[in-house]
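User: Got a model here that I'd like to go through with you. Can we start with the ring contacts?

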Amino acid sequence: MSGPHAPVLLAEVIEALSPKPGDVVVDATFGAGGYTRAILATGAEVIALDRDPTVQPHANAVANDFPGKFKLVRTPFSGLAEAFADSGKARLDGAVFDIGVSSMQLDQAERGFSFMRDGPLDMRMSGEGESAADIVNTWDHGPLAHILKLYGEERQSGRIATAILRRRVAEPFTRTLDLAEVVEKALGGRRGAPTHPATRTFQALRIAVNDELGELTAGLEAAEATLSPGGRLTVVTFHSLEDRIVKAFLTERSGNAPGGSRHAPVAVESRKPSFTLQFKGAREAGQAELAANPRARSARLRAAVRTEAPAWRAAA
C-alpha cells in the first residue's frame with residue numbers, strides 16, 4: 001500500500017470527541033487508522049468500520065499495538081448500528097466520520113479513482129458491485145448527464161455525456177486516462193484552468209459508484225439511533241455536497257431549522273432535538289496544518305452531542 005493517509009483536523013476531532021478511558025467510539029472511516037490510533041491513545045476502545053478490504057494491514061498493525069481495545073468491521077456507514085450491536089457493548093460514547101476518498105485510494109492507480117494516474121476505470125471502495133467503467137459504458141445519456149450534474153456539479157454534463165456515448169460505440173472505456181482525455185477534449189482542453197477538466201466527472205462517478213451521499217445520510221441516522229445520551233458525533237467533510245447533508249442533518253436534529261413565514265407557514269416539528277451543537281458552523285484547518293497537508297484546505301468539521309430524546313428516524 002501507499003504511504004499512510006494523514007488524518008485531517010485530528011486535534012480538533014479529538015477535542016470534539018473528548019474520549020476517555022473506558023469509552024467506546026466508532027471510527028466509521030478507518031482508512032489507515034489515524035483517528036483510531038489517537039482515540040485508542042486516550043484509553044478508549046474503538047470499533048472501526050471500513051468497506052475497503054485493502055485497509056486490513058493497517059487494522060492488523062493497530063490490533064497488535066492495542067490488543068483487546070480494537071475491532072475492525074468490514075461494512076459501510078449504513079452498517080454502523082449493526083456493527084455496534086454485534087460488539088456486545090452497552091454504550092456508544094462517540095462516532096467519527098471522515099467523508100470521501102482517501103489519499104491512499106487516490107495514490108493507488110489500480111483502484112481507478114484518479115485521472116492523474118492510468119489504471120482500470122474502477123472506483124469501487126469495496127471492490128464489489130457496479131464499477132465506473134460499467135456506468136460510462138452502459139448508462140443512457142440522460143441518467144449519465146444527471147449524475148455528472150448532480151454529484152459533480154458539472155455545468156457541461158450534457159456535452160460530456162454525449163462525448164462518452166459517441167466514443168464508447170467504437171471502443172468501451174477501460175482506463176482512467178482514456179476517460180479523462182475524452183472529457184478534456186469535450187470541454188475544449190484545459191485553457192489554463194487551475195483544475196483538470198475531468199475533476200468533476202471523476203468525482204461524480206466515484207460518488208455514484210459508492211453511493212457516498214446515500215451512505216452518509218444512512219450513517220448519520222445510524223449514529224443518531226446508536227449513540228448514548230451524551231455521546232459525541234464528529235463529521236469531517238471535503239466538499240459542499242457532503243457538508244450540506246451534514247449541516248442540514250445537524251441543523252434539523254438540533255432544533256435549529258428555520259421556520260416558515262406568515263405567508264408560507266410550515267408544520268412545527270414536535271419532536272425534541274436529538275442533538276445539541278458543540279459549536280456554531282464548521283471548523284477549518286489552521287495555517288500550520290494547511291502548510292503541512294494541502295488536502296486539509298477544503299475540510300470542514302461539524303460536531304454535536306446526543307441528547308436523551310428519541311432518534312427522529314430509526315436506522316435501517
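User: How many aromatic pairs does a search of the whole structure find?
Analyst: Three aromatic pairs turn up in this predicted model. Rings of Phe, Tyr and Trp (its six-membered ring) pair if their centres lie within 6.5 Å; planes under 30 degrees apart count as stacked, over 60 as edge-to-face and the rest as tilted. Phe30 and Phe70 form a tilted one, 5.5 Å centre to centre with 35° between the planes.

User: Where do Phe30 and Phe70 sit?
Analyst: Phe30 is in the loop between strand S1 (24–27) and helix H2 (34–40). Phe70 is in strand S3 (residues 70–73). They are 40 residues apart, so the pair links distant parts of the chain. Helices (H or I, at least four residues) and strands (E, at least two) are DSSP runs, numbered from the N terminus.

User: Is Phe30 buried or exposed?
Analyst: Phe30 is buried, with a relative accessible area of 2%. Phe70 is buried too, with 14%. Buried means under 20% relative accessible area, exposed over 50%, partly exposed in between (1.4 Å probe, protein chains only).

User: What kind of pair do Phe77 and Phe97 form?
Analyst: That pair is edge-to-face, 5.2 Å centre to centre and 75° between the planes. Phe77 is in the loop between S3 and helix H4 (80–87), and Phe97 is in strand S4 (residues 94–98), 20 residues apart. Both Phe77 and Phe97 are buried.

User: Before I go on, what about numbering and confidence cut-offs?
Analyst: Residues are numbered from 1 along each chain as its sequence is written. The model is predicted, so local features need pLDDT of at least 70 and side-chain atom pairs count only at pLDDT 80 or more, while totals for chains, interfaces and linings use all residues; side-chain values use heavy atoms, with hydrogens and water left out.

User: Switching to charges. Which ring face does Arg167 lie over?
Analyst: Arg167 lies over the face of Phe173, at 4.2 Å from the ring centre. A charge sits over a ring if NZ of Lys or CZ of Arg is within 6 Å of the ring centre and within 35 degrees of the ring normal. Arg306 lies over the face of Phe275, at 5.8 Å.

User: Which residue does Arg167 form a salt bridge with?
Analyst: Asp178, with the closest N and O atoms 2.7 Å apart. Arg167 lies in helix H8 (residues 157–170) and Asp178 in helix H9 (residues 176–186), so the bridge ties together parts eleven residues apart in sequence. Arg167 counts as buried because its relative accessibility is 19%. A salt bridge is a side-chain nitrogen of Lys or Arg within 4 Å of a carboxyl oxygen of Asp or Glu.

User: How many salt bridges in the whole structure?
Analyst: The search finds 15. Among them, Lys185 bridges to Glu181 at 3.2 Å between the closest N and O atoms. Both lie in helix H9, four residues apart, about one turn of the helix. Lys185 is exposed at 61%, and Glu181 is partly exposed at 42%.

User: And what does Glu212 bridge to?
Analyst: Arg206, with the closest N and O atoms 2.7 Å apart. Glu212 is buried at 7%, and Arg206 is buried at 10%. Elsewhere, salt bridges that share partners join Glu224, Glu252 and Arg253 into one network.

User: What is Thr201 in contact with?
Analyst: Leaving aside neighbours within four places in sequence, Thr201 contacts Leu148, Ile160 and Val183. Contact means heavy atoms within 4.5 Å. Thr201 is in helix H10 (residues 199–210) and is buried, at 0% relative accessibility.
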